[in-house]
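The following paragraphs lead the reader through one structure, beginning with the surroundings of its ligand. Please keep the sequence and the model in view while reading.

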Amino acid sequence: MRGRFIVLEGGDGSGKTTLAQTLAAALAADGQSVVATREPGGTPAGQALRALLLAADGPAFEPETELLLMTAARVQHVRQVIAPALARGAIVVCDRFVGSTLAYQGSGAGLDTARILALHRDFADDLWPDVTLLLDLPPELALARGRARLAASAANEGRFEARGLSFHARVRAGFLALARALPGWTVLDATQPADALLATARASLGA
Ligand SMILES: Nc1ncnc2c1ncn2[C@@H]1O[C@H](COP(=O)(O)OP(=O)(O)OP(=O)(O)O)[C@@H](O)[C@H]1O
Ligand SMILES: [Mg+2]
């Protein structure tokens with residue numbers, strides 16, 4: 001028995017966390033066993049790495065260091081949370097996964113995709129989502145949303161939002177290229193209101 005591994009991807013402020021919460025709640029209300037989780041994070045070690053990686057005033061990381069720390073958080077998450085949940089037949093709804101590393105550290109920061117894929121294969125058990133929903137919208141719009149959310153919250157997670165528009169444009173193009181190249185990806189128009197986006201997401205999941 002294997003559950004279903006659903007991942008939400010997209011740029012900063014594209015609405016992933018909002019959709020992950022409403023989608024997980026809708027699936028649970030249908031009586032399904034759902035595990036909602038996120039990256040970086042999802043485990044105690046992952047949370048500690050998240051704080052280090054996302055703090056706007058955190059240390060200056062080389063792109064390779066960022067890649068290794070993101071991957072380290074993912075190894076903990078795959079082994080301790082995602083694979084066990086799938087093994088007991090649960091639906092895992094995950095806010096970001098390896099697609100984000102390919103888009104941010106690969107397309108955004110210029111690291112070689114083959115190295116990212118090799119790390120994923122060698123250390124994260126080469127686990128891939130069954131379905132990936134890509135929330136696509138222009139970075140100008142997404143960043144305005146994301147910055148408003150950060151300003152209204154106590155979370156110190158602004159490191160990636162602080163990068164320039166050209167970085168975020170490369171990330172968006174990277175995500176769209178992944179959606180064309182990888183199986184199981186669907187691109188959703190994330191300019192839709194949240195309730196319409198949830199309905200579109202459920203329709204594309206057949207759920
Ligand atoms: N469909 C939507 N339409 C308009 N605003 C939205 C929509 N979805 C989410 N928002 C708002 O946009 C902001 C960012 O949303 P959210 O935190 O879900 O994005 P995210 O993709 O998780 O961002 P991050 O990558 O920074 O975690 C929030 O204030 C949220 O309320
Ligand atoms: Mg989020």
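By class, the shell around ligand 1 holds 4 nonpolar, 8 polar and 4 charged residues; here Ala, Val, Leu, Ile, Met, Phe, Trp, Tyr, Cys and Pro count as nonpolar, Asp, Glu, Lys and Arg as charged, and the others, Gly among them, as polar. The model is a predicted one, in which local features need pLDDT of at least 70 and side-chain atom pairs count only at pLDDT 80 or more, while totals for chains, interfaces and linings use all residues. Residues are numbered from 1 along each chain as its sequence is written, and chains are lettered from A and ligands numbered from 1 in the order in which they are written.

Ligand 1 is surrounded by 16 residues, of which Gly-15, Lys-16, Thr-17, Thr-18 and Arg-145 are the closest (a residue is near a molecule if its C-beta atom, placed from the backbone, lies within 6 Å of it). At least two residues of this shell come from each of helix 1 (16-29), helix 6 and helix 8 (194-205). Helix 6 gives the most, with 4 residues.

The chain as a whole has 8 helices and 5 strands, which are DSSP runs numbered from the N terminus (helices H or I, at least four residues; strands E, at least two). From the N terminus on, the order of elements is β-α-β-α-α-β-α-α-β-α-α-β-α. Along the principal axes, the C-alpha atoms fill a box of roughly 45 × 40 × 35 Å.

Two of the helices that contribute to the shell, helix 1 and helix 8, also pack against each other at an angle of about 55°, with their axes 10 Å apart. Axes are lines fitted to C-alpha atoms, for helices over the stretch in contact, and angles run from 0 to 180 degrees between N-to-C directions. Helix 1 is therefore oblique to helix 8, since angles under 35 degrees count as roughly parallel, over 145 as roughly antiparallel, 65 to 115 as roughly perpendicular and the rest as oblique. Thr-18, Leu-19, Thr-22, Leu-23 and Ala-26 of helix 1 meet Ala-194, Leu-197, Leu-198, Ala-201 and Arg-202 of helix 8, contact requiring C-beta atoms, placed from the backbone, within 7 Å. These residues divide into 7 nonpolar, 2 polar and 1 charged.

Helix 6 (residues 139-152) has a partner in helix 7 (residues 165-181): their axes come within 10 Å and cross at roughly 110°. The two helices are therefore roughly perpendicular to each other. Their contact joins Pro-139, Glu-140 and Leu-143 of helix 6 to Leu-165, His-168, Ala-169 and Arg-172 of helix 7.

Methods: Contact = placed C-beta atoms within 7 Å.
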